[in-house]
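Please keep the model in view while reading the points below.

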Amino acid sequence: MEAVFADLPEALANTMEVAAKVETYSIDSDPLMPVFPIPESFGREEDWRERFTEEDLFNEFTRNEKGEEVMSREAAEKKIKKLGGYNKLYRIKFEADYLEHLVWQGARKRYLTDRADLSDSSDLADIKAACSDEVRERIIFELHTIKTMGFPGYFLIVSDYIRAAREELGVSVGPGRGSAAGSVVAYCLWITDLDPLRYDLLFERFLNPDRISLPDIDVDFDDAGRGKVLDWVTHKYGKERVAHIITYGTMATKSSIADVGRVEKIPLSVVNQLKTYIPDRGFPDNVKDENGKSPKVNLKNCYKYVPELKAIMQGDDEQLKQMLTYAEELEDTNRQIGIHACGVIIGAQDITNVAPVCVVYDKESDEYVQVTQYDGHVVENVGLIKMDFLGLKNLTIIKNCIRMVKKGRGEDVDIDHLPLDDELTYKLFCEGNTVGVFQFESAGMQKYLRELQPHVIDDLIAMNALYRPGPMDNIPEFIDRKQGRKPITYDIPVMEKYLKDTYGITVYQEQVMLLSRLLAGFTRGQSDTLRKAMGKKQIEKMNELEVLFYEGGEKNGHPRETLSKIWEEWKKFASYAFNKSHAACYSWVAYQTAYLKAHYPAEYMAAVMTSAQSDIKRVTELMEDCRKQGVEVAAPSVNHSEMDFSVDSDGKIRFGLQAISGMGEAASSVIIAEREQNGPYQDIYDFLRRVDMHSVNRKNVEVLIKAGAFDGLGDTHRAQFFHKADAAESTPTYLDQLVRWAIRRQDNAGSNQMSIFDISTDLAEEEYPPAPACEPWSNIERCRAEKEVISTYLSGHPLDDYRYEMRIFTNTTCAELANLEALVGRELRFGGMVSNVKEAVSKGEPFGIMTLDDYSGSYELRLFGEDYAQFRGHFVNDTFIYCKGMVKSVTYNDKKTGAEKKFTRLRITTMLLLGNVIDRYTSKLAFKVNLDDVDDDFCEAIEKLGKRHKGKVPLQALVVDPKSGLTLTMYTQDLRVSAREAIPVLEQLRGVYEINPVVHP
C-alpha cells in the first residue's frame, strides 16, 4: 500500500489518526429506574439524606434482613457501586421506606381483617406484631431483597398504575400471572390477588437474592381497559419517557422461497409445490441431527432430510437451484417491523437519551405510537425498564357478565371474593361442562376432568399445570391416586408436607425448590438456581448442586440411595415442570369463569359470545353448548337486542344488533337510543316512523328483516317484504315501497314548506302502503336468509325436517370428515344440505365439487371420474343428500423422487336423497305410548294413519303402564306405512313418545 500511495504518504498516516480518534464504548447499563413521585406527606428525600449516614446505608444494603454480615468488605463495596453509589442509595432507601409503609398497611387489610383495633393510622410496629410469624418473616425478607436489589421504585410504579386502573379508570385487573404471584409484597400492594402463603408460592422464583436480575411483573387488564391504562401512564410520566418496543419480523423459510420465486418469475404452481416440502411445525420425530436432537427447520437442513429438495439441489434445473440458494441467504433476515404485543418502556429520562426511537402504526389503537428501535432482547441491557401490559379477553368476559347480572337480576357479584367450596362450580368441572371456561375447555381437558372429579381448587391448579406436553403423561397416575385406585406414596415421609396437595406426584417447579430446602438445606437462592439449572439443562451447575444435595441430604439423615432416586426423577421432570404461581393465578380466573357459568349461564355465555362475535364458527360452537345447557339463543330483535349479545327479560340470550352483517355500530345505536327514549316499537311501520332513516338505511332494514328482528311485531312475515307485484326487475319490493314512504314522511315533517296536500286534513299524514298477500317463507328459505346475515341458523336448521335421518342413520359429522386420517378403515354414513356446487372439466375428465352442511359444520366433497358420473345427479344446490363411503389409505411412489408417499381418500359408495333414507333402511317403526291413552280414538287414528300413508314399514307399539311400569309390545298385522310420512302424524298423537325407526340389521 505504501508503494501504491507513494505520491501521498500522508494517506497511510491519516488512517492511523482516524483509528486513534474512534471512541469505543458499551451501550449496556445497569437499570435506569424511573423516579416515582412519593407524596410529600410521607417525607422528602432530603430528610433521608440528613437522617442516615453512608455507614448506615452500607450496613443496611450489604447485610441480610436480620442484620447479619453475609459478605466480605470487598464484595460489599462492589455491591454498593453496582447499585449506583451512595447518591443513588439515598433515593432507593427513601423509596424502600415508603414501599414498606404501603406493604404493612396492605398486610393489615390482607391478613388482619379481624383486628378492628388496627387502622390506617396504626403504627407499623403494631401491625408487624399482630401478623403471624410466617407473614411477618416473609414480608421482612421480601422487602429487604427488593431494597438491596434496587427495585422498590419498580414495585411502587406497578402498584400505582394498577391502583389507578381499578379506582380511577374502572378497568378490570387480573389476579396476577407468572412468578410475580409468589410475592407477598405484591399481594399486599394489590399487584396480585392470590395469597402466596396459601398456595406455597415462592418469592425467589420471582426475585433470586443470589443474582441481580430485573423483576418482571406481567399485568392482565380487560381488553378495552388496557389502552386506558397506557394513556394514564403516558400522561403521568410524559410521552417522551414512555414507549412501546419494536419487533422485527424475519423471513421464514416458506416466505423466502415465495419472495425469491416472485422475483425470479418462477411459476406460482412450482413455488407452491416447493413450499409443500417444507415441514410446517418441525421434522418427524424419527429425524435427528448429529447431536440426537430435532433439527431446526431451515433450507440447509431440508436439503439433508427432505428427499425432494435434496434431489432438486443435486439435479440439473439451475433455475430452481439458484432460487433456493437465494432463498437460503434470505432466511432469518429482517423483513418488517411491528409493535411488541405487551411490552412498554417507562424511562427515567427522555428515552432518546438512551435508545433510538421511531414511530410505528398500531392497528389496535389506529394511531402511530413511539417505539424503541432496540427490540425486546436489547432494551433491558441498555438499562430501560420494561413493563408488560397485557389484554386478557376473559377479564372482559367476566366484567360484561357481572354488568348483565346487575342489570337483569339486580345482583352484585363480588368476583374477587367467591367461595372456594361452591358445589355448583365443582359440579360443572366434574361434568366437563367447561365450554367457555378459561383454560379448561378443550375436549381432552373435559375428559380428564370427568375422570378426576375435582373438589378443591388445588386439583384445578394441578390439572392446569399437568395438561401440557410432557407432564401430561402423569395425568392418569394423578387421577388414579386421587380416586384411591393407587396408593399415595412418598420416597421420604417428610416430603408429604409439599406433595400432599398433588397426591405424592411432583408437579410444580416450586415443589422441587421447597423439597431441596427441606431435604438438603438449600438456601432460597440455591433452590432457585437448581430450578433454573434443571430446566435449562445446565450440566456443570447441576453437577455442582448434586454434590451439595447429597451432602445436605445425608447430613439430615436421608439415605443416599433414596436421594439419588429423587434427584434422577427431578432431572427428568424439571425440564417440563410448570410454574405453580402462574397455574394458580390462571386457575383462579378459570374458577371465576366457571362460577359465573354455573350460577348465571345465560349472562356468562352471552358475554363469551360477545367476545367471539367476529368468529362465527366459535359463536356457533357456543350456541350449541347453550342448547345443551337449556339456554335459549334467540334471534335479534329491535325491541330486545342490545349492541352485543345480551340476556332479555325472559332469560334468553339475544343476538346483538351489531352482530348482524350489514348493521354496524352507528345504525344499531340509533335504534337502541330511540327504543330506550320512547319505548318498544309496535310494528315495522312504527319503527320506520320513529328511527332516523338517514342513519338507518334500506340495507339496515333488509338485514334486520332477514335476521328475524321484526318477527312477532304486527301481522307481517318476512316473505311479504321481498314480494313484488310482478316479475319485472324494475318493480319495487314491498320493502322498497315502505322505505320510500318512511323517507318521504320524515322529509316532509322536517321541511318548513307546506305542500298542497297539507290543505286537506285527510291527507295530512300519508298512510303506509298495505302489505301484499303471499305465502310465508319455507323453513329452508328462512334459514338461508338468517345464515346470510348472521352466518348461522337461529330459528331452526334446514336439517330439522330430517332430524330422524340425521340422528339414527348417520355415524359421522361433516366436522369429523375434516380429519380423514382418523377415519381410515371405517364405513362412514353422513348427510347434509348441498350448497356451492361447482362442476368443471380437468384434463378432459369432468368432476364435481359440493359443500355439504350439517349441524356440526361444512365439508367440501369432491368426486371425479366414474364416481362423479354415477352421482352427478345429486350435485344440486339446496337438496338434502345421504352418503355412505369408506376412507382408505393409498400408498404410491413419487414419480420424481421415488419416495413412498401416502394419502387418504374418501370413496363414496352410496348417495341418495335424504328424504328417502327412512323408508329405504327402516325395518320397523317403533314408538312408545301410555296405556291410559290407548282407547278407541287412538286405535282409529292408527288405522287412518295406515290408510293415508301406505308403505312397506310395519308399526311396533310399546304400550307402557306408568303405574306398574309393565310394558307390552304390539305389532300391526297387515298395516304397513311410509315411515317418513307417518312420523309427523305419530308426533301429534296423544300419549305417543320416543318414536324410533329401527334400522335393517
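In the second largest pocket, helix α16 supplies the largest share of the lining, ten residues. The structure is a predicted model, in which local features need pLDDT of at least 70 and side-chain atom pairs count only at pLDDT 80 or more, while totals for chains, interfaces and linings use all residues. Residues are numbered from 1 along each chain as its sequence is written, and side-chain values use heavy atoms, with hydrogens and water left out.

**Terms for spaces and elements**

- Rolling a probe the size of a water molecule over the atoms shows where empty space is left.
- On a 1 Å grid over the protein atoms alone, a cavity is a set of points where a 1.4 Å probe fits but cannot get out, whereas a pocket is an open set with protein on both sides within 12 Å along at least five of seven lines; lining residues have an atom within 4 Å of a point.
- Grid points are joined across faces, edges and corners, and a volume is the space filled by probe spheres set on the points.
- Helices (H or I, at least four residues) and strands (E, at least two) are DSSP runs, numbered from the N terminus.
- In sorting residues, Ala, Val, Leu, Ile, Met, Phe, Trp, Tyr, Cys and Pro count as nonpolar, Asp, Glu, Lys and Arg as charged, and the others, Gly among them, as polar.

**Pockets**

- The second largest pocket holds about 710 Å³ of space. Its lining has 31 residues, and Arg403, Met404, Glu642, Phe645 and Ser646 lie nearest its centre.
- The elements giving two or more residues to this lining are α10 (223-237), α16 (393-409), α27 (601-611) and β8 (646-647).
- By type, the lining of the second largest pocket comprises seven nonpolar, twelve polar and twelve charged residues.
- The largest pocket holds about 970 Å³. Among its 28 lining residues, Thr620, Glu621, Tyr855, Ser856 and Gly857 lie nearest the centre.
- Helix α28 (residues 616-628) gives the largest share of the lining of the largest pocket, nine residues.

**Cavities**

- Two cavities of 30 Å³ or more are found in the whole structure, and the largest cavity has a volume of about 60 Å³.
- Residues lining the largest cavity include Asp200, Tyr498 and Lys580. Helix α22 (residues 509-520) gives the most to this lining, with three residues.

**Alanine 584**

- Alanine 584 lies in helix α26 (residues 580-599). It counts as buried (under 20% relative accessible area, with exposed over 50% and partly exposed in between; 1.4 Å probe, protein chains only) because its relative accessibility is 1%.
- Leaving aside residues up to four places away in sequence, alanine 584 touches Leu194, Leu201 and Ile461, where contact means heavy atoms within 4.5 Å.

**Strands**

- Two strands pair if DSSP finds at least two bridges between them. Strand β11 (residues 845-853) and strand β12 run antiparallel and are joined by seven bridges, with methionine 850 as the bridge partner of leucine 861 in β12.
- Strand β15 (residues 922-930) pairs with strand β18 (residues 992-999) in the antiparallel sense over six bridges, and lysine 924 stands opposite valine 998 in β18.
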